[in-house]
Amino acid sequence: MPGSRDNTAQYLPLTPSVFHILLALADGEKHGYAIMREVENSTAGRVSMGPGTLYGAIKRLLKSGLIAETAERPDPALDDARRRYYALSGLGRDVLAAESEHLARMVAIARNKNVIGAAP
Amino acid sequence: MKTAERLYRVLLHLYPADHRETYGQAMLQHAQDLERDVRDKGRLAAAALYLKLVGDGIANAGREHWAALRASNFDPVPWPAVLMAAVPGLYMALSRRHADLFGPALNVLGVVYIALFALVLPIMVWRRRCFPVWALLPLGMLAWALTFMAGTSLSSLAGPVAGPDLSMAVTTILNGMLAVGIFYTLLRGDRIPKSALVVMALILLSGLLPLVHLSQRAPVNLRPHEILAAALFEPLQALMLVAVGLTAARRYNILALPAVFGGYMLLFGDSDYLWGSPYRDWPGLPLYMAGMVFLFFVLAPAGLLRAKTDLGRATAVFAPAIVFLVGRVAVPAFVLGEAARIYPGEIVFSGTILLSLVLGWILYRHIGRAPIEERLERPQPVL
């Protein structure tokens, strides 16, 4: 979709924390702490976000329309009512895809130049 | 409540209020979740978490304040309106210079300006159904001048015994009544930020300091109303100007500061030090005056009315004031080499004005956070 590409270009490149937050939301909505947990797991603890960092990034992502807060809540008996849940928007998914493709191209180039080993 | 949550609850106070209100509860929950993760890992892990939370809270609170200040929220006021706003200050500069060089001040021009202002303004308001933005500045100056004139007139009713002291006392009472009345009307039902109350108290206290200094140098033989007037004249004047500015803010939403600024121009404009009068023999005086006039009466209104962000507005209002205050100390101390010319009363008065700007700023930000529905109901300012 060329129109979609035009829209996504203005958001690229993403900062590492934004990329990881969007990636964490790629497989479904999550609350802030679950996002942080997934980011920590996927980066083997190299990226760790405190409440201030995480909610600052979430605020900016909401404002730019890359994510949206979801109204649905799990059963209050199973979860804390203070949690807020977020999901990727259509635009957010396009931006994440564009950034991922860019990173994949960079990895391919690095591989061709023998900077890293061949894919397993 | 767990330690991490308690700690972050305190840290949340560092954040801008809207951020705290929107994300505060979720952030507290996050802090509690993090503490649960380290519960079984010992005291060292818990201490490391608390340290991390403190760093996270402080760094990100600063970042959020900076982002809020830099958010582009306003449409710049058109240049013709900026020029109109600069007219009263430039007239004042011209009049002072004329008086310095040729004796009589250019009062005729001032009267013509006020007459035109009084004539044109109602017509503009009637035709456009709104109040022009540029007029907030001269209005702020007029508000200051009117209480002064009213004080003089009312004290003259007392007959031949009336003098400048009685006039000052009456003006002080008028300013105080106006300030209290406007603050009460504006902020009724609102919880005034604690920081605003502290600054208000400092403003009122600042009136007493020069009096204490004077009484140490020479016995002060004043009647009670004269002491009251001397102590409260300038602080109440400053508070009144802030209140006038906030009236404009309530009515016109985005423009809390111009009316304060109108008064602020006059308060600084009324200072001999802005015009360099105490430095008459200094060869750098013309350059100093030109710089101050440009800074206060051209750059500041233009910056204020053209700024797209709160940061721009804050810079436009505070930067000239800070340059002036620094110059007020630096010129006699370092340029003229006459530190004795630094009068504590003048310094404290300058500080009062700076405090009134800070108060105006705190309440401006406070009022700017009114519910969006309420803001939308208000008429928007246009040229």
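Where in chain A does Asn114(A) lie? Asn114(A) sits in the segment after helix 5 (90-112) of chain A. More on that residue below, along with some other points from going through the structure. Please keep in mind that this is a predicted model.

1. **Chain A, overall.** Chain A has five helices and three strands. Read from the N terminus, the order of its elements is α-α-β-α-α-β-β-α. Of its 120 residues, 28% count as buried. If you take the contacts in chain A with a separation of 6 or more, 58% of them are between residues 24 or more positions apart.

2. **Chain B, overall.** Chain B has 15 helices and zero strands. It runs to 383 residues, and buried residues make up 38% of them. For contacts in chain B with a separation of 6 or more, residues 24 or more positions apart account for 74%.

3. **Where the chains touch.** On the chain B side, 20 residues are in contact with 14 residues of chain A. Two elements of chain B each give two or more residues to that side, namely helix 2 (17-37) and helix 3. Helix 2 of chain B gives the most, with ten residues. Sorted by class, this side of chain B has nine nonpolar, six polar and five charged residues.

4. Have a look at helix 4 (residues 51-64) of chain A and helix 3 (residues 43-70) of chain B: their axes come within 8 Å and cross at roughly 30°. An angle under 35 degrees counts as roughly parallel, so that is what these two helices are to each other. From helix 4 of chain A, the residues involved are Pro51(A), Gly52(A), Thr53(A) and Gly56(A). They meet a set in helix 3 of chain B that includes Asp56(B), Gly57(B), Ala59(B), Asn60(B) and Arg63(B). The residues of this contact divide into three nonpolar, five polar and three charged.

5. **Helices 1 and 2 of chain B.** Within chain B, helix 1 (residues 3-12) packs on helix 2 at an angle of about 155°, with the axes 8 Å apart. Anything over 145 degrees counts as roughly antiparallel, and helix 1 of chain B is therefore roughly antiparallel to helix 2 of chain B. The crossing is right-handed. Among the residues that meet here are Tyr8(B) and Leu12(B) from helix 1, and Met27(B), Leu28(B) and Leu34(B) from helix 2. By class, this contact has seven nonpolar, three polar and four charged residues.

6. **The cores.** The largest nonpolar core has 39 residues, and the ones with the most contacts inside it are Ala81(B), Ala85(B), Val199(B) and Leu359(B). Several helices of chain B supply at least two residues each, including helix 4 (79-102), helix 8 (194-206) and helix 12 (285-306). Helix 14 of chain B gives the most to this core, with nine residues. Apart from it lies another core, of 38 residues, and residues from both chains are among its members: Ile21(A), Ile35(A) and Ile58(A), and also Leu28(B).

7. **Val82(B).** This residue lies in helix 4 of chain B. Is Val82(B) buried or exposed? Val82(B) is buried, because it has 21 other C-beta atoms within 10 Å, and 20 or more is the cut-off. Leaving aside its neighbours within four places in sequence, Val82(B) is in contact with Val77(B), Pro301(B), Ala302(B), Leu305(B) and Arg306(B). The C-alpha atoms of Val82(B) and Trp134(B) are separated by 6.4 Å, although the two are 52 residues apart along the chain.

8. **Backbone spots to check in chain A.** Most residues other than glycine have a negative phi, and most peptide bonds are trans. Here, a cis peptide bond joins Leu12(A) and Pro13(A), with omega about -5°. Pro13(A) lies in the loop between helix 1 (2-9) and helix 2 (16-24) of chain A. Ala44(A) has a positive phi, near 50°. Ala44(A) is in the loop between helix 3 (32-42) and helix 4 of chain A, and is exposed, with 7 other C-beta atoms within 10 Å. Back to Asn114(A): its phi is positive too, about 60°, although it is not a glycine. Asn114(A) counts as exposed, with 8 C-beta neighbours inside 10 Å.

Terms used:
Residues numbered from 1 in each chain as written. Chains lettered and ligands numbered in written order. Predicted model: local features only at pLDDT ≥ 70, side-chain atom pairs only at ≥ 80, totals over all residues. Axes fitted to C-alpha atoms, helices over the stretch in contact; angles between N-to-C directions. Helix = DSSP H or I, 4+ residues; strand = E, 2+ residues; numbered from the N terminus. Parallel < 35°, antiparallel > 145°, perpendicular 65-115°, else oblique. Contact = placed C-beta atoms within 7 Å. Nonpolar A, V, L, I, M, F, W, Y, C, P; charged D, E, K, R; others polar. Buried ≥ 20, exposed ≤ 12 C-beta atoms within 10 Å, placed from the backbone. Core = buried A, V, L, I, M, F, W, Y, C linked by C-beta atoms within 7 Å. Left-handed = near helix turned anticlockwise from the far one by under 90°.
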